[in-house]
Amino acid sequence: MRVRTTSAVAGVSALLLLSGCGAADMTRQASPFAGARGARTVTLSVQSWVGAQSNVAVAQYLLEHELDYRVDTVQVDEVPAWDALSQGRVDAILEDWGHPDQEKRYVEDKGTIAPGGDLGVTGHIGWYVPTYFAKEHPDVTDWKNLDKYADRLRTPESGGKGQLLDGSPSYVTNDKALVDNLHLNYQVVFAGSEAAQITQMKQFAKEKKPFLTYWYSPQWLFEKVPLTEVKLPAYKEGCDADAAKVACAYPHTPLKKHLNAEFAKSGGRAAAFLKKFRWTTEDQNEVSLMIADDRLTPQEAAKKWVERHRSTWRPWLAS
């Protein structure tokens, strides 16, 4: 997430886990390659959703096979990842959905993190219903009509209200505030992770049951389970400034990369490569589908994508 996070499929090599609260602080652990004499190493933060895994997998593959670096990956929740990046425990975050507080603290005030440029992908979070349900009941796509369908969207977990399915409790979302401030007869229910949320959505779709869910693009699942967005009150700049008072839609967010400031200056070809790494939603989804649906490892998926798209990645290596 994300905003705005999600949690997901494991599989990136050397993945280290960090939960949002109470876990060991992995930001204080250096890369296992850090002491290797003469080794050129890069440590990448990998968020837990599969799209972010796809970015890291391709970057890792090219760094290792084209630039002769050793790559370590560390899975850290979104906000702690900024702390790790500032401390130099990781060198780069390749998919950030917007964290203005952290940007002000670390980029503007402390100067310990440097912008790494656009990823090339625009992210958007919203509320969605399955398209088969939207076709039967077109008015469900307007938030003002959601209460009309609360009974049909009720589950044992939603306590007599309609269910709004979210991912993990650690995700940064506006959903509870939206439900409260729009006075909707719904309960936010957390699946626990992106993977669990996908499993639930696929099961609902298999049974042709209606559901309402927090979801986001880019995401490979749209190709397997067609979804239609519910129109929330229009987003306006600043309408989400007070998290407790949010009553508007999520914005469309150009996803950004960030580098540790020292690494950005002295990271050589690796830093230059990561700054140039830029691809499309279609590119990311192609890799994500291979990981999440075809069950390839991230490195297997990255290898296949690299073999098919040489003209896309060659400019990233240019001096």
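Modeller: Helices (H or I, at least four residues) and strands (E, at least two) are DSSP runs, numbered from the N terminus. This is a predicted model, in which local features need pLDDT of at least 70, side-chain atom pairs count only at pLDDT 80 or more, and totals for chains, interfaces and linings use all residues. Residues are numbered from 1 along each chain as its sequence is written, and side-chain values use heavy atoms, with hydrogens and water left out.

Colleague: What follows helix 2?

Modeller: G88 does, and its phi is positive, near 80 degrees.

Colleague: Why is D68 called exposed?

Modeller: Exposed means over 50% relative accessible area, buried under 20%, and partly exposed in between (1.4 Å probe, protein chains only). D68 has a relative accessible area of 60%, so D68 is exposed. The residue sits in the loop between helix 1 (50-65) and strand 2 (70-74). Its phi is positive, near 65 degrees, and D68 is not a glycine.

Colleague: What makes R295 exposed?

Modeller: The relative accessible area of R295 is 61%, so the label is exposed. R295 belongs to the loop between helix 9 (281-292) and helix 10 (298-308). R295 also has a positive phi, about 65 degrees, although it is not a glycine.

Colleague: Which residues of helix 2 are buried?

Modeller: In helix 2 (residues 78-87) they are E78, A81, W82, A84, L85 and S86. Their packing partners include strand 1 (41-45) and helix 3 (100-109).

Colleague: Which residues does a cis peptide bond join?

Modeller: S217 and P218, with omega about 5 degrees. P218 is in the loop between strand 7 (212-217) and strand 8 (227-230).

How values were computed. Contact = heavy atoms within 4.5 Å.
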